[in-house]
Amino acid sequence: MNYSELKDEELIKLIDTDENAFDEILLRYKLAVRKIARQYFIVGGEDEDLVQEGTFGLFKAVKNYNGKFPFKNFAFACIKNSIITAVKKDNSQKHRPLNFYVSLSTEDSDSSDKNFIVRDTAADPEEEFINSEREQELKREIENVLSDFEYRILTLYLEGYSYAEIAEKENKTLKSVDNAVQRIRKKIQNIQRL
């Protein structure tokens, strides 16, 4: 059977009887999981931790899909929710002073103006307003501390490009790109500590 010719919804129906159907879903959504995971940042965390959480969200989407909506939309929502839940859990009581997460992307990927979002776990309207103000302040701070090169690297990274792809686009070495990403992380961590 040629799984690549099947729609997602058709693959979901086969999953209980054919493990290759699930492998095809994983293959199809691998890049999406990585791209969504890269939009979030945990202080002291690793990218792969969030990719793993996103993959778990994809697994939950497959198991809970009921056919009422297109699978792609349902899967993206489950992946994102799983990652956000992991970030919130990590930032819970043991990290009370750091009880927020940073999203390094926007909901609207067509926007050329990247929003750097800080979210608190509270739903209080007053705190929402304060967080909105903090969002704008954080965005300005990030733009101010990053060099033009670092900002370009961050933008490409958030768009889901690998280090190798970024290095090729920027005509730089892999090491140069990795160093830039590490500097960006440190600068963002320093901003959060203020």
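The following legends describe close-up views of a predicted model.

Local features require pLDDT of at least 70 and side-chain atom pairs pLDDT 80 or more, whereas totals for chains, interfaces and linings use all residues. Residues are numbered from 1 along each chain as its sequence is written, and side-chain values use heavy atoms, with hydrogens and water left out.

**View 1. Helix H2 (residues 19-37) and its bend at Tyr29.** Helices are DSSP runs of H or I with at least four residues, numbered from the N terminus.

**View 2. The largest nonpolar core.** Such a core is a set of buried Ala, Val, Leu, Ile, Met, Phe, Trp, Tyr and Cys residues joined through side-chain atoms within 4.5 Å; buried means under 20% relative accessible area with a 1.4 Å probe, protein chains only. This core has 26 residues, with Ile25, Leu58, Phe71 and Ile83 making the most contacts inside it. Helices H1 (8-14), H2, H3 and H4 (71-90) each give two or more residues, and H2 provides the largest share, eight residues.

View 3. Ala61 counts as buried because its relative accessibility is 0%. Leaving out residues up to four places away in sequence, Ala61 touches Phe71, Phe74, Ala75 and Cys78, contact meaning heavy atoms within 4.5 Å.

Notes
Buried means under 20% relative accessible area, exposed over 50%, partly exposed in between (1.4 Å probe, protein chains only). The bend at a residue is the angle between axes fitted to the seven residues ending there and the seven starting there.
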